[in-house]
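Please look at the sequence and the structure first, then read the points below.

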Amino acid sequence: MLSHLQWLEINDLILLINRTEDLKMMRLYFLDAVRLILPYDKAVFYLFTEEENGIITLKEPVFKNLSTEAVKEYERLINSDVMGRRVMNLRRTTEYRSSDLIQPVQSAAGDFFTKNNIFWYSGIVMADKDILLGEVIFYRSRDKNDFSDTDLEILNILKDHFTLRLSREKDKCLTVGRV
């Protein structure tokens with residue numbers, strides 16, 4: 001159950017999502033503000049475009065404590081079907097955490113996590129009518145705890161607000177610059 005303070009922070013985040021006109025600034029502000037109720041070490045927020053052949057382009061990423069090289073490597077991994085595709089293939093807005101995803105350990109994903117000091121991750125995939133819109137991912141190192149049920153509850157509350165915002169700006173999402 002969320003505390004009164006957590007609900008106040010969530011309300012502030014929802015206002016931020018809907019009142020910040022510039023899409024890139026909204027995502028940057030969100031990554032800063034969400035840390036008050038969802039601590040993380042690293043984070044990234046992408047917009048998506050999907051080609052007819054199924055290749056996903058991660059566009060205009062905003063990120064905290066990640067290198068540009070790590071962001072580009074994640075895009076390559078997404079398209080190699082090593083990680084992340086299982087949640088995206090649902091083609092619906094959903095929150096997730098890595099410990100709930102049952103997938104075999106694969107060296108490319110393991111290398112990505114090791115190089116970037118990532119052990120736990122959680123996030124939201126946003127989709128509207130089977131069209132992928134974006135994803136926000138939060139990462140934690142091994143010395144931190146996994147994302148809790150409360151963390152997932154917070155993401156669950158925020159996911160629909162993000163989807164509404166991105167679906168209102170779907171044309172803008174599909175035309176922003178690439179990584």
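Does Asp-130 count as buried or exposed? At 52% relative accessibility, Asp-130 counts as exposed, where exposed means over 50% relative accessible area, buried under 20% and partly exposed in between, with a 1.4 Å probe and protein chains only.

This is a predicted model, in which local features need pLDDT of at least 70, side-chain atom pairs count only at pLDDT 80 or more, and totals for chains, interfaces and linings use all residues. Residues are numbered from 1 along each chain as its sequence is written, and side-chain values use heavy atoms, with hydrogens and water left out.

**Overall make-up**

- The protein chain has seven helices and five strands; helices (H or I, at least four residues) and strands (E, at least two) are DSSP runs, numbered from the N terminus.
- Along the sequence, the order of these elements is α-α-β-β-α-α-β-α-β-β-α-α.
- The protein chain has 179 residues, and 53% of them count as buried.
- Its accessible surface is about 9100 Å², with 51% belonging to carbon and sulfur atoms; accessible areas come from the Shrake-Rupley method with a 1.4 Å probe, and for residues only the protein chains shown count as cover.
- Of the contacts between residues at least 6 apart in sequence, 66% join residues at least 24 apart, a contact being heavy atoms within 4.5 Å.

**Helix α1 with helix α6**

- Two packed helices are described by the angle between their axes and the distance between the axes.
- Helix α1 covers residues 4-19 and helix α6 residues 149-168; their axes come within 10 Å and cross at roughly 15°. Axes are lines fitted to C-alpha atoms, for helices over the stretch in contact, and angles run from 0 to 180 degrees between N-to-C directions.
- The angle makes α1 roughly parallel to α6, because angles under 35 degrees count as roughly parallel, over 145 as roughly antiparallel, 65 to 115 as roughly perpendicular and the rest as oblique.
- On the α1 side the contact includes Trp-7, Ile-10 and Ile-14, and on the α6 side it includes Ile-154, Leu-158 and Phe-162.
- The residues of the contact of α1 with α6 divide into nine nonpolar, four polar and two charged. Ala, Val, Leu, Ile, Met, Phe, Trp, Tyr, Cys and Pro count as nonpolar, Asp, Glu, Lys and Arg as charged, and the others, Gly among them, as polar.

**Helix α1 with helix α2**

- Helix α2 (residues 23-33) packs with α1 at an angle of about 170°, and the axes are 9 Å apart.
- This angle makes α1 roughly antiparallel to α2.
- Leu-13, Leu-16 and Ile-17 of α1 meet Met-26, Tyr-29, Phe-30 and Ala-33 of α2.
- The contact of α1 with α2 has seven nonpolar residues, no polar and no charged.
- Tyr-29, in helix α2, counts as partly exposed at 40% relative accessibility.
- Apart from neighbours within four places in sequence, Tyr-29 is in contact with Leu-16 and Thr-20.
- Tyr-29 and Leu-16 are 13 residues apart in sequence, and 7.7 Å separates them in space, C-alpha to C-alpha.

**Other single residues**

- Most residues other than glycine have a negative phi.
- Asp-130 is not a glycine, yet has a positive phi of about 65°; Asp-130 lies in the loop between β4 (120-128) and β5 (131-140).
- Glu-60, also not a glycine, has a positive phi of about 40°, and its place is in strand β2 (residues 56-64).
- Arg-76 belongs to helix α3 (residues 68-79) and is exposed, with a relative accessible area of 56%.
- Arg-76 and Ile-56 are 20 residues apart in sequence and 9.3 Å apart in space, C-alpha to C-alpha.
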